[in-house]
Amino acid sequence: MEKALQGLRIIDFTWVLAGPFATRILADYGAEVIKVQSEVTMGATQHNLSGYFNTWNRNKLGIALNLSQPQGIEVAKRLVQISDVVVENFSPRVMRNWGLDYHTLRKIKPDLIMLSLSGMGQTGPWRDYIAFGATIQALSGLTYLTTFPGRPPLGLGYSYADHIAGLMAVLAILQALEYRQKTGEGQYIDLSELEAMSTLLGTAILDYVVNHRVASPLGNRPAHRIAAPHGAYRCKGEDRWCAIAVFTEEEWESFCRVLGYPSWTKEERFATLLDRWQNIDQLDLLVEEWAKEHSAEEVMTLLQEVGIVAGVVQDAADLSQDPQLKARAFFVELDHHILVKASFDGSPIKLSDTPAHFQQAAPLLGQHNDYVYHHLLGMTQEEIERYTKEGVLI
Amino acid sequence: MSLLGGSDLQGLRVLDLADEKGIFCAKLLADMGADVIKVEPPGGDPTRNIGPFVGDEPHPERGLYFWYHNTSKRGITLNLESGEGQEILRRLIGTADVIVETFPPGYLKELSLDYEALKEFNPRLIMTSITSFGQTGPYRDYKSCDLVASALGGQMYVCGDSDTPPLKPYGEQAYQVASLFGAIGTLLALYYRHFSGKGQQVDISMQECIAAAIEPVNVRYLYDQVVVRRQGSLQWNNAFRLFPCRDGYILLSLFQQWDTLIEWLDSEGLAADLKEERWRHPEFQLKEKEHVIQVLEQWTRRHTRAELMEQGQLMHFPWAAVNSIKELWDNPQLLERGFFAEVAHPEQEASFKYPGAPYKLSRSPWQVSRRAPLIGEHNQQILGEELGFSSDEIADLALRGVI
């Protein structure tokens, strides 16, 4: 099978989640991604044998390169010369301090595409702010809004914004590749994770701009529309839940039929969608009384079979056994030099002619030094040995 | 249209046949410069009825959800249930590079408009199908929505508190994440088409998209058989938590730069016993985290969010105020970078600032070329000028409910 990004080479200076998630997608579709690491600067998230590292760095080649040495910078520039794209997610001053900023690199490689991903962007009064996914979620309004009405904010509890920034980064690079295809020119992309995240809150932002309304938390109620029931309902078993959403009168009729028309379904207060919406707290309690008598899987199946939107609130163990995910080969397994087997979520982008390839687990530190330095850059074995001894290729 | 250099997707024609699952995907392509034609049923798309509305007056031309998700698109009306409507669509598909669609699997096959049929007469066509569960598998005919995708994708289970039900993230994140993956798939197929000359089908499952954007959930389970659970605002790895301030909430990191943090608390006489040597050991900190949280809370309650964030950031703590949408709008960083983009709405005799570019490209900037289309706004332009229908024919099509 062909690969969509065959022949594209990417130098990957990214770390933690957002950047590696982005370059992983590019690698899954055939780009040759060369991940630059150094034992000198490696932190915990970069530990090559951790599950976390492995997950976000499969399909990439790994080299060791010490950028705190001038010769290390020179080697990096030689790599840029033979590459299409540079991706980095350091604090804004880092690449500049190394002399690896876009203005320098484009002199070496005129049609270079370079993407810098940072919390706040490369300019502005907050450009040096330190940000992780949680920081961005808080600043964007997402954390404030993700809770139950009347409760303090809860937020998402994980780095969702890093995924969003990573996806936007892939989109930006592919967009710049289209432009290069058309004009022969490269360009620089300044991605602010805060801005990327904010584009996913567009309706709430417009509501403020146009109506001066400040959005408030909705719990599990739908945003911008009405539906009832609409939420997660406790089912039989320990911490088992099923999400149910009933949008139309037809669906409500089917819902009542599945429940066997208990008397409350005929009461005035639940007669129309608007009635049910206005009395949704009372409705929730009654729906939950019914749900608790069944397993979450039963609730989902009973409702889906009559065309009602419902789904088990799945935990990690459920996901690993999910029949739908299995049927579509969502999880994949690869051999790993030391971990023996490494398992991953695959790719949700199913392309008919150029599907994702899962060829190799994440690299060990410097695993592909020989291929990259010898075969790609043409260094002799002596040079490689000398540079290694001098602390450049470590 | 003749901007020097042009935008990235200029000249690319996209037919947008999508509901909420793909509406953002087509917007992303439109704001990149593609000629996106939104195909709505006569009378307008159901997503026009989603609130909020300008001035809270429900009206199909005043929906802010619709406005935001349809910038830079043109719009036509077409009844796909009618033979004539299908015929017109087929002619449009002949001119299209990409279709973004979200119909239940099998629906387009009934109309003989499925990818297998269409590629026969337009082999360069890219068809991006964004559905609840994908085109295959035992759940392919099941229904979903933003809530249920979040549930079945493993996201809800890890959001919320131990004493609350699982919690759906605010907004319509599942729809938008699916759209993002869909847009990436579309551009991957487009890139490959430059070399192969052939289009392909992009099959996106909303459930899978969520299951691919839940950071620790799969990793922790696949490597250590640990099921991540919801634990309030405390992040899964105990790195961050929310704390109450005098004027709201602040996100603090718990254990980063421990000595600096304790010195700061101590300078205000609020470090309590955390000054003791034993607290410097990471394992002990983690074991006794509830006590650390208590001490920090006594301290944060005396401060405002701005004091803690600004001072904290100066000292390289990754802290943030928990902001409302109003505060996002007032954010000096976004304002300085010109994030918000003005979009003219002549019918409202006003312009409104929208969230702008998700990233800044130096040579081919993102832009909103026009506000969302009115119902059937470009019927004349597209059916008349491009497909060659006369004004009489167009009037007749409208009369018979085809457009």
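The structure is a predicted model, in which local features need pLDDT of at least 70, side-chain atom pairs count only at pLDDT 80 or more, and totals for chains, interfaces and linings use all residues. Residues are numbered from 1 along each chain as its sequence is written, while chains are lettered from A and ligands numbered from 1 in the order in which they are written.

Contact joins 127 residues of chain B to 123 residues of chain A, two residues being in contact if their C-beta atoms, placed from the backbone, lie within 7 Å. On the chain B side, helix H7 (residues 173-196) supplies the largest share, 15 residues; helices (H or I, at least four residues) and strands (E, at least two) are DSSP runs, numbered from the N terminus. This side of chain B has 75 nonpolar, 33 polar and 19 charged residues. Here Ala, Val, Leu, Ile, Met, Phe, Trp, Tyr, Cys and Pro count as nonpolar, Asp, Glu, Lys and Arg as charged, and the others, Gly among them, as polar.

Strands also link the chains: S12 (residues 349-351) of chain A pairs with S6 (residues 201-205) of chain B in the antiparallel sense over 3 bridges, pairing requiring at least two DSSP bridges. Within this pair, A:Leu351 has B:Val202 as its bridge partner.
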